[in-house]
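Dear colleague,

Please find below the structure that I am handing over to you. My notes on what was found in it follow.

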Amino acid sequence: MIGQPGAGKGTQARLLSDKCNYPQISTGDLLRNIVSSDSPMAHELRETMNSGRLVDDGILASLLSERTSQADCQGGYILDGYPRNLHQAQTLEDLAASQAKSVVLISFSLDEDVLLKRITGRRTCTRCGEIYNIFSRPPAVEGYCDIDGAPLARRGDDSETVVRERLAAYRNSTAPLIAYYRDTSRLIEVDAGQPVDQVQKRIIEILGSLPGQSA
Ligand code: AP5
């Protein structure tokens with residue numbers, strides 16, 4: 001799944017994972033786990049992510065190879081936020097070929113003024129990662145997760161200045177992937193401005209109509 005920051009990739013990837021029983025692999029979450037650890041890489045990654053730039057392709061390739069080699073990925077997996085440039089797309093082609101899997105790109109698009117509001121309102125569970133929004137999906141108890149009661153937090157890279165950098169990274173590096181996957185007939189385009197359940201319905205319908213699928 002690719003799309004602008006705040007377009008709803010994480011929200012939809014989690015729903016699809018529950019529905020289809022494929023693990024959701026968010027490269028943003030994998031990187032944030034390293035940032036919150038004592039790893040020697042943490043400082044450098046934090047700096048890159050808090051500036052809104054993309055993290056080095058080689059780091060992503062190792063993380064992805066390691067995560068997708070785990071047993072729960074054998075039947076397939078949902079990548080949330082990968083690939084983000086043509087080099088990563090090529091890495092994914094090689095990885096998928098070595099795992100006898102095929103790749104379909106789901107591309108989310110949304111007006112920029114809407115996504116800025118979504119990002120401002122986003123709150124994420126500090127324990128399980130559940131995604132809320134104070135405008136469109138507030139928790140039952142303000143500031144706490146409905147699922148496990150842990151505190152909710154805003155992300156460090158959700159300030160307006162950093163979001164503008166993340167948007168620029170999307171436009172310059174990630175958006176060209178749409179043509180790459182369209183040219184090879186592996187593109188699903190989603191209007192991310194629809195309500196969450198409508199977006200999910202559309203994704204499931206299209207995935208279910210692909211040859212050999214029954215989502
Ligand atoms: P990452 O964590 O992937 O951030 P992102 O791509 O900018 O996307 P977001 O997580 O901000 O948004 P989302 O589309 O998942 O939206 P969400 O569902 O939360 O990456 C962070 C950083 O890590 C990058 O900047 C980069 O530095 C690095 N990185 C990650 N992957 C990398 C890679 N492959 N290569 C290099 N660097 C990488 O929804 C947003 C809000 O809207 C929520 O509050 C939600 O409740 C609400 N919402 C969702 N859908 C709807 C809807 N339909 N209607 C109303 N509200 C909605």
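In these notes, a polar contact is a pair of N or O atoms within 3.5 Å. Please bear in mind that the model is predicted.

A polar atom in the side chain of arginine 84 lies 2.5 Å from one of the ligand's oxygen atoms. Taken alone, the ligand exposes 1100 Å², and the protein buries 95% of that area. Arginine 32 also has a side-chain N or O atom 2.9 Å from an oxygen atom of the ligand. At glycine 81 the backbone takes part: one of its polar atoms is 3.0 Å from a nitrogen atom of the ligand.

In total, 34 residues surround the ligand, and the closest are Thr11, Arg53, Arg84, Tyr132 and Arg166. By type, the shell divides into 13 nonpolar, 12 polar and nine charged residues. At least two shell residues each come from helix 1 (9–20), helix 2 (27–35) and strand 6 (131–133). Helix 2 gives the most, with four residues.

The buried residues in question are Thr27, Gly28, Leu30, Leu31, Ile34 and Val35. Among the elements that cover them are strand 2 (24–26), helix 3 (42–51), helix 4 (57–68) and strand 3 (78–80).

With kind regards

Definitions and conventions: Residues numbered from 1 in each chain as written. Predicted model: local features only at pLDDT ≥ 70, side-chain atom pairs only at ≥ 80, totals over all residues. Heavy atoms only, no water. Near = heavy atom within 4 Å. Polar contact = N/O pair within 3.5 Å; in protein donor to acceptor, adjacent residues only side chain to side chain. Areas by Shrake-Rupley, 256 points an atom, 1.4 Å probe, with all protein chains shown as cover. Nonpolar A, V, L, I, M, F, W, Y, C, P; charged D, E, K, R; others polar. Buried < 20%, exposed > 50% of the residue type's maximum accessible area, 1.4 Å probe, protein only. Contact = heavy atoms within 4.5 Å.
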